[in-house]
Every structure is written in C-alpha cells, then in structure tokens.
Amino acid sequence: MCAHVLVAEDDEKQAELIRRSLLQEGHTATVVHDGGAALDEVRRNKPDLVVLDLMLPVIDGFGVCRVLRRDDDIPVLMLTARSAEDDVLLGLELGADDYMTKPYSPRELMARIRTVLRRSGRPADEQDRAVRAAGITVDPVRHEVHCDGARVECTPGEYEILRAMTADPERVFSRRQLLQCTRGIDRASTERAIDVHIMNLRKKIEPDPRRPVRLLTVFGVGYKLSGGRG
C-alpha cells in the first residue's frame, strides 16, 4: 500500500529520519515543523495519514488532532516524548488512532504506520461481507458504520472494535482482546486506551451514553455488544 504521509515534527533530524524511512517503504511524504503548517497542508493536499508530534509550536499536537477530528477522518499516529499515561489517553480521546512514545526505532514506527494504513483502508475480499448486530451495520467494502440507519463516523481503531464485536454479539471481549483488534500487543500499548475508545463509541451509538444499552461493561472482564444479530 503506497500512501502519502504528512509528518508534523518540530525536530528536523527526527522529521528527516521519518521521511527517509517512509520513502524506503515506497510512500511519499511531506514534512512540516509546526501545527499551523500541518493544518494548512492537510487542507491543501489531503494525506492518507498524519504522523503527529504532540510538542509542536504554534498549535500543539492536541490542538491539531482536535481540528482534524472535527473536520476530517484522516488517520493520526501520535508521537510523544511524554511518558504520562494521561497525555496518551487524551490524544486517543481526541481521536488519534495510535501512538508511539519516544525514543522509538524507525522499523517499529514503519510497522505501526503499515498497521494504521491497513486498518483505515479497504479490507481483503474474504472479509467483505457486512455484519449486523444490535442495530449496527459494519460494511467492510465501504468501510462504513451505520447505527439505526444513520452513518456513524469512526476512527480506524473504533471501527475495528465495532467490527469485531458486531461479528460476535453477546460475546464478552477482554480489553486485551480488543487491543489486539486495534493494533496488537506490545510494550507501548495500554489497555486503558480501550476504555477511551468505548467511551467515544458510546457517545456515537448510544441514546444515552451514561446509560448504555448496546456497548455494555462486564465488570471485571471487559465489554460486550448486546442486542443480537440483525
């Protein structure tokens, strides 16, 4: 999958390393060094993915992510030198699809980029059948989600969670299993990120997110989609 990637990174050496790694992977890349330039570039040439450093000048990564999620559905991979879990969770809550904590290896970053691009793109033919449960339809061909007939805008991570749960309604998924659906298990992942995705999904598919009737918490275990097929 060849993609055009926007790299928003204020460290010029890091940005150049990422750009070269992307070119070696067969992608094209544009580099900017502040959040305002990142938003301008997105408006001019919609990229397939944004690699977004949190500590950008002019507009920080949180502000850029907030605008991107308000105006578009471009996948975002967050880069952060911050180790505080709350910063990572805030980025995910704003709609980032994945994150990496510095320092990281270029090979690991490229693997994450491949995963995000794959999850945001069209699925393989054998996975093209739409699945329905609890009033939710997940259509892999169009990469769309509908709830009670209305289209729901989802991040790639949210989409993968709903696709897994809609295909197997009433099954209780642990946070670790849902994490595997979104990006797999590795040292930088946190199961609390799933709680953020579930919270965001409830805002989108529940009549009252504070009293969910579809995405239910199974205390001590994880979550399930309640409502049956159809």
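Mentor: With contact, which means heavy atoms within 4.5 Å. Keep in mind that this is a predicted model. By that cut-off, and not counting residues up to four places away in sequence, Asp53 touches Ala8, Glu9, Asp10, Gly61, Leu79 and Lys102.

Trainee: What makes Asp53 count as buried or exposed?

Mentor: Buried means under 20% relative accessible area. Asp53 has 2% relative accessibility, so Asp53 counts as buried. Its place is in strand β3. UniProt lists Asp53 for "modified residue: 4-aspartylphosphate", in an unreviewed entry.

Trainee: How do you know which strands stand at the edges of the open sheet of 5 strands?

Mentor: The order is β2-β1-β3-β4-β5, with parallel pairing. β2 (28-32) and β5 (98-101) each have a single partner strand, so one side of each is left without a neighbour in the sheet. Neighbouring strands here are turned by 20° against each other on average, direction ignored.

Trainee: What is the order in the open sheet of 4 strands?

Mentor: That order is β6-β7-β8-β9, with antiparallel pairing. β6 (131-133) and β9 (150-152) are called edge strands because each pairs on one side only. On average, neighbouring strands of this sheet are turned by 25° against each other, direction ignored. Strands β7 (residues 136-139) and β8 (residues 144-147) are joined by 4 bridges and run antiparallel; Ile136 stands opposite Cys147 in β8. Helix α6 (residues 156-167) packs on the sheet, touching β6, β7 and β8, and its direction makes about 115° with that of β7.

Trainee: How many disulfides are there, and how do you know?

Mentor: The count comes to 0 disulfides. The sulfur atoms would have to be within 2.5 Å. For Cys65 the nearest cysteine sulfur, that of Cys154, is 15 Å away, so Cys65 is in no disulfide. For Cys154 the nearest cysteine sulfur, that of Cys147, is 9.6 Å away, so Cys154 is in no disulfide either.

Trainee: Why is Cys154 called buried?

Mentor: The cut-off is under 20%, and Cys154 has 19% relative accessibility, so Cys154 counts as buried. Cys65, at 2% relative accessibility, also counts as buried.

Trainee: Which residues touch the most other members of the largest nonpolar core?

Mentor: Val50, Leu52, Leu68 and Leu92 do, out of 26 residues. Among the elements that each supply at least two residues of this core are β1, α2 (35-44), β3 and α8 (192-205). Helix α3 gives the most, with 5 residues. Val50 touches Leu6, Val42, Leu68, Ile74, Pro75, Val76 and Leu77, not counting residues up to four places away in sequence. A second, separate core of 25 residues includes Cys147, Ile161, Leu162 and Tyr223.

Methods. Residues numbered from 1 in each chain as written. Predicted model: local features only at pLDDT ≥ 70, side-chain atom pairs only at ≥ 80, totals over all residues. Heavy atoms only, no water. Pairing = 2+ DSSP bridges. Axes fitted to C-alpha atoms, helices over the stretch in contact; angles between N-to-C directions. Buried < 20%, exposed > 50% of the residue type's maximum accessible area, 1.4 Å probe, protein only. Core = buried A, V, L, I, M, F, W, Y, C linked by side-chain atoms within 4.5 Å. UniProt positions renumbered as here; feature names shortened; annotations may be inferred.
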